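Visitor: I have a model open on my screen and would like to learn how to read it. Could you walk me through its features, with the general idea before each case?

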Amino acid sequence: MSDVPSAVVEVAANAQTVAESSGSVWPYVVGGIALVVAAGFWGYKLVSRPTFIIKQIRRRNLKAMKKEGIESSEATNDLDRLLTAIEEHAVANKMSGADMIKLLAPLNDQNRMKSAKDMYLTMQHIAREVGNTRLAGEFKGKSTGVKSGSKLMAGLFKRAGI
């Protein structure tokens, strides 16, 4: 005989029968897959809302501007006002996140923006596109009076990828 006590053998036999009688694992697998798919769908819906996208853009812009040391500049405030106008337009028209991103596409066009004046003119174009003519007029006035050699404009160009 062996040195193993008989109580251990009985416990092992009982544990083995309990494990065998637990049933199929497939309902848990299918339920887990369904839960992951539902969470993915909900996450996609959350991420593709205009308010979430604008919040992320603002956070990235603020981080980049703090890095340059120009977070409280007039151009940053103008960009925030433009983002607010775009967000209001997107929410009012029930636009998806992808449709709203199309409105912001001219700001990412490196061929279009060569100077600070071009940046303000692009912002003016976007403001007109969302129907905010007052903001577009302000940007038009600022486009004529901006200096392109300033540290502020260099930081904005760097953020825009120019």
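This is a predicted model: local features need pLDDT of at least 70, side-chain atom pairs count only at pLDDT 80 or more; totals for chains, interfaces and linings use all residues.

Visitor: How many helices and strands does the protein have?

Guide: Helices (H or I, at least four residues) and strands (E, at least two) are DSSP runs, numbered from the N terminus. Here the protein has eight helices and zero strands, so the order of elements from the N terminus reads α-α-α-α-α-α-α-α.

Visitor: What share of the residues is buried?

Guide: Buried means under 20% relative accessible area, exposed over 50%, and partly exposed in between, with a 1.4 Å probe and protein chains only. Of the 162 residues in the protein, 28% are buried. As for contacts (heavy atoms within 4.5 Å), those with a separation of 6 or more come to 63% from residues 24 or more positions apart.

Visitor: How do I read the packing of two helices?

Guide: Two packed helices are described by the angle between their axes and the distance between the axes. Axes are lines fitted to C-alpha atoms, for helices over the stretch in contact, and angles run from 0 to 180 degrees between N-to-C directions. Angles under 35 degrees count as roughly parallel, over 145 as roughly antiparallel, 65 to 115 as roughly perpendicular and the rest as oblique.

Visitor: At what angle do α3 and helix α4 pack?

Guide: Helix α4 (residues 74-92) packs with α3 at an angle of about 170°, their axes 10 Å apart, so the two are roughly antiparallel to each other. Among the contact residues are I54, I57 and R58 of α3 and L79, D80 and L83 of α4. For classes, Ala, Val, Leu, Ile, Met, Phe, Trp, Tyr, Cys and Pro count as nonpolar, Asp, Glu, Lys and Arg as charged, and the others, Gly among them, as polar. By that scheme, this contact has nine nonpolar, four polar and three charged residues.

Visitor: And how do helix α3 and helix α5 cross, at what angle?

Guide: The axes of helix α3 (residues 50-68) and helix α5 (residues 97-104) come within 9 Å and cross at roughly 45°, and therefore they are oblique to each other. The contact is made by P50, I53, I54 and I57 of α3 with G97, M100, I101 and L104 of α5. It has seven nonpolar, one polar and no charged residues.

Visitor: Which residues form an aromatic pair?

Guide: Rings of Phe, Tyr and Trp (its six-membered ring) pair if their centres lie within 6.5 Å; planes under 30 degrees apart count as stacked, over 60 as edge-to-face and the rest as tilted. A search of the whole structure finds one aromatic pair: Y120 and F139, tilted, at 6.0 Å centre to centre and 50° between the planes. Y120 is in helix α6 (residues 116-129) and F139 in helix α7 (residues 133-145), 19 residues apart. Y120 counts as buried at 5% relative accessibility, and F139 does at 1%.

Technical notes
Residues are numbered from 1 along each chain as its sequence is written. Side-chain values use heavy atoms; hydrogens and water are left out.
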